[in-house]
Amino acid sequence: MSARTKRMKKSSWGARERAGMSFLIVVAFFAVFGLIILTEVLMIDDRGRAGSIIVRHGSNGGRFGESVPDYDDVKDDYLDDTGIFVRETKFGGTAVKNILKNQKDLKQSIGISVQTDAVESRSPPVVPWGQMLPSKIEQTLPRYPVDMKPTDGSWEIVNGTRYKFFVFSAFYDRRDGKLVRIIGATKTRGPEKVWCRFWYQTGVNSTKYRSASVMARVKIIRENWNLKYSACFILCPIRGPYPEIPYAVSVVSKIRAAPGNVLMLRNTDNDPDFTNRTFSNVPNSIGVCVKPLHFNYDQALYLLEFLELNNLLGASHFTFYNHTIGPKASCVLQHYVDGDLPQFITSYGEARLVARHHANGTVVVESNDLHYQMPTSHNEDNSSQLKPKITVNILPWNLRMRSQKEIRTEGLFASLNDCLYRNMYRYSHVALIDLDEFIIPHHNDTLIDLITWLSKRINSRNTGAYSFQNAFFYLQFADDELLHEDGENARANLRAALTTQRKTRRRSKLHPQKQRSKYICKPEAVIEAGNHFVWEFCPGRGSLNVPADAAILHHYRVCEFGGDDCIKTPSVVDRTAHRYSKQLLDRVGTVYSYLKETCNLPDIARTATKPPPTRKKELKIRVPIRKETAKVPTVTENSQNGVVSVATAQETIFTKSAPQASAVEAILKTH
């Protein structure tokens, strides 16, 4: 065999070997890819099996800052059979009874005995969600726990679940049918099945209750950063045999287990002041929702600024969620809750002469502007300057989940939606903002005036929320120079202590909508509230992006990524908040003086003195000069880089002819 033939055979064998290896690599790739796809199919949330993807108006979005959607909304809550309200056309009472009758293991089907939660989660319950248990089975269930008092606004446990499951509050949602909507927190992926047990009073003062049970649907609130637990809605339609609104509701994981919680159902239909209200006939008013206060928050003076400035902007009610709050801030909030505040507004910092009698008989007249006194000034119509009423509601927030490790930021999305439904039918609008944020209008004095002004220029008939762009007022920016013009007195000290008056420099570039933006919404138009935008509206409603020249969100905070690099960003001075200076100082000063001793508030720090101007330094150069000719130095300054250079020039000097004349020294001064 020739050498050429051997080389050809060797080359042919190498080609076949490479082809075989390539084929094996391709097969392995497709095998791994198929395994991944199979795993995703098996582990996918079963919530998406019954419906197609429906993009709701105002609910679409991508990765917008902190608002990261975890998955699309795969169900329309208002579709028959798959939504909130399951119609009688698909499942009736007879159909449910037949299903239960033909079931081999009745106990296992209704949750009496289940080997593993995995089995229960994979096999759907025999009773479809939204269907009532037959009355014969209902009569065999545990009775109302008489030793438990119904709660409202308190985290309660759901017994018998494999993973953590808590419920906080329950609301009657009458916007489209009859529905009980419960705010809770549970596992993000594959939440466990639960039941709603409705409790009905048998008499006005009766301690006996009849019950009706319905299979609930757990709907995960979408902003959860893919953490293990998430805020959620538990949705329970109200159906026969008791179509009336229940008194309370319990959430149970096993239908025959004793209830571990009893939630008072908040129902505005039972309140004559709110019956038959809609957002079209609720008086113009604004409620403010604040996320849970944590990290032992105790900035009492800033809390006063937040309450009083938002009140100037038109807000009248505030809802706080107390996670960890310090004693001073707690004392201030409690006075607002109790209404124990000064009735009149007094001008803070006015010198008041107070006669003090000493033991030696002398009378000394001193100035006193640190303690609250009844006002002596009046408005132009000779009426006293009454302080507007501010109402505050504080709810405990003791959710037993680790923040940022198990659930997002103390479960703040449960608090936002609780506040939304808690203020529904009570206030025409609700602002969902943080404690370091203010929505400041540019052409109007109040937010209600702004909304009215916008409605005259933009068709806002279908508007369910008004979104405002975020502007960072970094706390590392220098304080406003105008503060030094007020001198040194009590009023100037207070103004320098208020963040909105001290920090007027902001980042030039505003964040786009849905990135750190905040909003004011009409509660009845919203189904699911998010942090920076509304996730889901009622059909036909949407969000209006408010132009930046009409209003923006003032956000007072430190650099978001740590350090002080944020001050290098382009910035502008924005003194829009100074429009409220006089009223804000009087209101905050009045309440501060009134509560200073009671709440042990710290003294107002003195205004920092204005730094002295930079002294001009003189450079003196002594150069001896000859009688006849000398080189006189000349100085040139480069204005571009601030460098000073000295050069010499030939110049003739005429001096006296006297022999005793000494040399002349040229003194050159330069900055």
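This is a predicted model: local features need pLDDT of at least 70, side-chain atom pairs count only at pLDDT 80 or more; totals for chains, interfaces and linings use all residues.
Local features are reported where pLDDT is at least 70 and side-chain atom pairs where it is 80 or more, while totals for chains, interfaces and linings use all residues. Residues are numbered from 1 along each chain as its sequence is written, and side-chain values use heavy atoms, with hydrogens and water left out.

The structure holds four disulfides, a disulfide being a pair of cysteine sulfur atoms within 2.5 Å. With bonded cysteines counted along the chain, the pairing pattern reads 1-2, 3-5, 4-8, 6-7. One of these bridges joins Cys-196 to Cys-236, with an S to S distance of 1.8 Å. Cys-196 lies in strand β4 (residues 195-201) and Cys-236 in strand β7 (residues 229-237), so the bridge ties together parts that are 40 residues apart in sequence. Here helices (H or I, at least four residues) and strands (E, at least two) are DSSP runs, numbered from the N terminus. Both Cys-196 and Cys-236 are buried, where buried means under 20% relative accessible area, exposed means over 50%, and partly exposed lies in between (1.4 Å probe, protein chains only).

A second bridge is formed by Cys-331 and Cys-599, whose sulfur atoms are 2.0 Å apart. The torsion about this S-S bond is about -70°, so the disulfide is left-handed. Distant parts of the chain are linked here: Cys-331 belongs to helix α7 (residues 327-338), Cys-599 to the loop between α12 (581-595) and β26 (619-625), and the two are 268 residues apart. Cys-331 counts as buried because its relative accessibility is 18%, and Cys-599 is buried at 5%. A further disulfide connects Cys-559 to Cys-566, S to S 1.8 Å. This link is left-handed too, with -55° about the S-S bond, and both Cys-559 and Cys-566 are buried.

Next come the aromatic rings. A pair of aromatic rings is described by the distance of the centres and the angle of the planes. Rings of Phe, Tyr and Trp (its six-membered ring) pair if their centres lie within 6.5 Å; planes under 30 degrees apart count as stacked, over 60 as edge-to-face and the rest as tilted. By this rule the count comes to 21 aromatic pairs. Tyr-321 counts as buried because its relative accessibility is 0%, and Trp-397 is buried at 2%. Elsewhere, ring pairs link Tyr-302, Phe-306, Phe-318, Phe-320, Phe-438, Phe-473 and Tyr-556 into a cluster.

Rings also meet charged side chains. A charge sits over a ring if NZ of Lys or CZ of Arg is within 6 Å of the ring centre and within 35 degrees of the ring normal. The charged end of Arg-174 sits over the ring of Tyr-425, 4.0 Å from its centre. Arg-408 likewise lies over the face of Trp-225, at 4.0 Å from the ring centre.

Finally, Asn-267 is found in the loop between β9 (263-266) and β10 (286-289). Asn-267 is buried, with a relative accessible area of 11%. Leaving aside residues up to four places away in sequence, Asn-267 touches Tyr-172 and Ile-245, contact meaning heavy atoms within 4.5 Å. The C-alpha atoms of Asn-267 and Tyr-172 are separated by 5.3 Å, although the two residues are 95 apart along the chain.
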